[in-house]
Amino acid sequence: MLETTRTENQEQQREVDYLLAWGYTLGKRWEDAFRVLSPFSQFAEDEGDQENLLDRGRLAQCFLRLGDTAVNLARYEDAARHYTKCLKILQDKRIHLLLVQVKARYGLAMTHVMRNLYAAAIQHYELALRLCLHIDDDEIIGNIYYGLSDVYRRSGNLIKAQLAGEKALELYERSGIQHMEGVTHNLLGHISTQLGDYRQASDHFTEALAVATSGESTRMIMVNCAALANLRLTEGRLEEAKRYCQRARDIIGRFQDKDGQLTGSTYLVTGKVTHAEAQRAEGEQRQRLLEETIKWFEKAKDKLAPTQSYGDVAELYGRWAQVLEELGQFQEAILYWKSGYEAMSSSYGQTWD
């Protein structure tokens, strides 16, 4: 109904667009949400004296939803700008939107994580936790602990990562949010892998896969198959790793909405497994497998390059350069080493505090 509603009154049309964008975000139609919400970002957030508080409150929520939409499109720098504008509006003490403030704060923290700005991310997550003193919402607090777990894992503080992840899982289980239980088991699986506890990692990934299967979440089924492939690769169980890669790739074709970052990560894992297989081979078979590895990396690049997931892009180019060296293509390898360095440098961009 909202899609077909049109009015010549500009203020009324903004009301319609606001509700329509809300519906799009609830329906996870991220590109549609971004299209409808983008015009709202043109309103100057620093002209509060000329706007009533209701309008500024809605503007803050628009920036929050723009941030969420950009995150789901893997546009993390854009998301950081939107969350920052939201928080700037909420500095006005007359606007009482505590939940919006908390969500924007931990959303901003997550964009820092995805750009390898770990210290800033931890600071924002801790600020979000302090804002939750008067909030009784297990899901929101669980989201913050999940984010802390992820940033601690990425920064190498694995014990803190595990404790925060277990706390997040407890909160999600208590609130009955099954999808996030599965997502958290996936995160704990990665932490266990880094700790060298492969049996526990396998248990977490298998539980996450079971949750995804029961919830018919093809996206998370693919993510967990890729994670299990990576785990089996770490254990040196190549045949199993290849089977999980195949299962993950079979799911890609079933996506109605292609997720560039997750699809690219699946192709990257497939390339890593193929490269490991090549290192065990000799002669023509080794050459063929190295060339096949490059093809998987090319597929990964097509999906990851449009995103702002610079850490994934940097890993891809580094592994690509290594394979090129093994193929004797040293000039091309140098170019990819440089591209990986540039991608990693991009991740240390503005913090949007």
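Which residue takes a positive phi just after H7? In this predicted model, the residue is glycine 156, with a phi of about 95°.

## Helix H7

Helix H7 covers residues 138-154. Most of the helix is covered, since 13 of its 17 residues are buried.

The N-terminal end of H7 is capped by aspartate 137. A side-chain oxygen of this aspartate lies 3.1 Å from the backbone nitrogen of glutamate 139. Beyond the other end of the helix comes glycine 156, the residue with the positive phi described above.

## Histidine 275 in helix H13

Helix H13 comprises residues 260-280 and contains histidine 275. The relative accessible area of histidine 275 is 7%, which is under the 20% cut-off, and the residue is therefore buried. When neighbours within four places in sequence are set aside, histidine 275 is in contact with Leu290, Thr293, Gln322, Val323 and Glu326.

## Nonpolar cores

The largest nonpolar core consists of 54 residues. Val273, Leu316 and Trp320 have the most contacts inside this core. Helix H11, residues 218-235, gives the most to the core, contributing 11 residues.

Valine 273 touches Ala229, Leu233, Leu238, Ala241, Lys242 and Cys245, apart from any residues up to four places away in sequence.

Terms used
Residues numbered from 1 in each chain as written. Predicted model: local features only at pLDDT ≥ 70, side-chain atom pairs only at ≥ 80, totals over all residues. Heavy atoms only, no water. Helix = DSSP H or I, 4+ residues; strand = E, 2+ residues; numbered from the N terminus. Expected span 1.5 Å × (residues − 1). Buried < 20%, exposed > 50% of the residue type's maximum accessible area, 1.4 Å probe, protein only. Polar contact = N/O pair within 3.5 Å; in protein donor to acceptor, adjacent residues only side chain to side chain. Contact = heavy atoms within 4.5 Å. Core = buried A, V, L, I, M, F, W, Y, C linked by side-chain atoms within 4.5 Å.
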